[in-house]
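This report describes selected features of a single model. The sequence and structure are shown first, and the account of individual sites follows.

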Amino acid sequence: MNVIIVNDYAELSSTAGRMIAGLLHSKPACTLGLATGSTPLGTYQYLVQRYQAGEISLREAQTFNLDEYCGLPRSHPQSYYHFMYQNLFRHVDIRPDNIHIPCTEGDDLQTQCDSYNALLHATPLDLQLLGIGSNGHIGFCEPGTPFDQETFHTRLSESTRQDNQRFFASLDEVPTTAITMGISNILQARSILLIASGKGKAQCIADMIKGPISEQMPASALRLHADVTVIVDRDAAALL
Ligand code: GLP
């Protein structure tokens, strides 16, 4: 793992954003795996600014999001579909057909998982952007997820629901399940960029980098991949 420690969230966002912008320059038709959560917001703002300055384009790029809550329509303000449109897609020139987010609408979630998985197999990702949950989850692959897991319908841990409660009016409103890429899908990306900020991530970052490689710490699976960059601010690096 290539671990880059930066001063603060602003530097984290510009450093991650520059890496993605560099890929868009060198390979305009690249395939990008994207993440939600609060951590990538600054990275997306950086990309929007570079786009508005005429310095990058997503016209030829394809995006594949990691995960989506079940039980929320795409129009719900907390759906990851909504998040991505609000924070990135509506501000740039990406073609709607090139945007891929797991669909959790309808009754047949297994078919939705299978079709998203088939899409990922057909379209290898050049770069997968990741945040990390405080319990070490990536996407919504919670502790205990097998490393060979592909796209699946997963149950969120109570700690993840509590972490994400801040985006909802109450804990009861936080979805209990999601569709997520599996760890196997994530590891198939050609390169991986994980970003983490703040003291609340210090323990999971230390465990990911220095602890045992274990299904109890999903992000530790990234140590099995040859091209992983981790960008952390000083607070998230505090226990390294
Ligand atoms: C959610 C997402 C993850 C994300 C995590 C951390 O659970 N499914 O992809 O990494 O939140 O979010 P934050 O960046 O807000 O700490």
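## Threonine 145

With a relative accessibility of 5%, threonine 145 counts as buried, because it falls under the 20% cut-off. The model is a predicted one. Threonine 145 belongs to the loop that runs between strand 6 (127–130) and strand 7 (152–155).

The side chain of threonine 145 comes to 2.5 Å from the backbone oxygen of glutamate 142. When neighbours within four places in sequence are set aside, the contacts of threonine 145 are Phe152, Ile183 and Glu215.

## The main sheet

Seven strands form an open sheet in the order 1-10-9-6-2-3-5, and their pairing is parallel. The edges are taken by strand 1 (2–6) and strand 5 (99–100); each has a single partner strand, so one side of each lacks a neighbour in the sheet.

Strand 6 pairs in the parallel sense with strand 2 (residues 31–34) over two bridges, and four bridges join strand 6 to strand 9, again in parallel. Leucine 127 takes part on both sides: leucine 32 stands opposite leucine 127, while serine 191 is the bridge partner of leucine 127 in strand 9. Strand 9 is in turn joined to strand 10 by five bridges, and these two strands run parallel. Within strand 10, valine 228 stands opposite isoleucine 192.

In a regular strand, side chains alternate between the two faces of the sheet. Strand 6 is covered on both faces: Leu127 and Leu129 are buried on one side, and Gln128 and Leu130 are buried on the other.

Nonpolar side chains tend to be buried together in soluble globular proteins. In this model the largest nonpolar core has 31 residues, of which Leu194, Met208 and Leu222 touch the most other members. At least two residues of this core come from each of helix 4 (109–122), helix 6 (183–187), strand 9 (191–196), helix 7 (202–210) and strand 10 (228–233). A second, separate core contains 30 residues, among them Ile20, Ala21, Ala61 and Met84.

The buried residues of helix 7 include Ala202, Cys204, Ile205, Ala206 and Met208. Strand 9 and strand 10 are among the elements that cover the buried residues of helix 7.

## The ligand site

Which residues are the closest to the ligand? They are Ser38, Thr39, Asp67, Arg166 and Lys201, out of 14 residues that surround the ligand.

An N or O atom in the side chain of threonine 39 is 2.5 Å from an oxygen atom of the ligand. For the side chain of lysine 201, the corresponding distance from an N or O atom to a ligand oxygen atom is 2.6 Å, and a polar side-chain atom of histidine 137 lies 2.8 Å from an oxygen atom of the ligand. On its own the ligand has 390 Å² of accessible area, of which the protein covers 95%.

## Aspartate 67

Aspartate 67, one of the closest residues to the ligand, is located in strand 4 (residues 67–69). Its relative accessibility is 3%, so aspartate 67 counts as buried. A polar atom of the aspartate 67 side chain lies 3.4 Å from the backbone nitrogen of phenylalanine 140.

Not counting residues up to four places away in sequence, aspartate 67 touches Thr36, Tyr80, Ile101, Pro102, Gly139, Phe140, Ile179 and Thr180. Although aspartate 67 and threonine 36 are 31 residues apart in sequence, their C-alpha atoms are 8.2 Å apart in space.

## Alanine 178

Alanine 178 is placed in strand 8 (residues 177–180) and, at 0% relative accessibility, counts as buried. Apart from neighbours within four places in sequence, alanine 178 is in contact with Glu68, Tyr69, Cys70, Phe140, Phe152, His153, Thr154 and Leu156. Alanine 178 and aspartate 93 are 85 residues apart in sequence, with 28 Å between their C-alpha atoms.

Technical notes: Residues numbered from 1 in each chain as written. Predicted model: local features only at pLDDT ≥ 70, side-chain atom pairs only at ≥ 80, totals over all residues. Heavy atoms only, no water. Buried < 20%, exposed > 50% of the residue type's maximum accessible area, 1.4 Å probe, protein only. Polar contact = N/O pair within 3.5 Å; in protein donor to acceptor, adjacent residues only side chain to side chain. Contact = heavy atoms within 4.5 Å. Core = buried A, V, L, I, M, F, W, Y, C linked by side-chain atoms within 4.5 Å. Near = heavy atom within 4 Å. Areas by Shrake-Rupley, 256 points an atom, 1.4 Å probe, with all protein chains shown as cover. Pairing = 2+ DSSP bridges.
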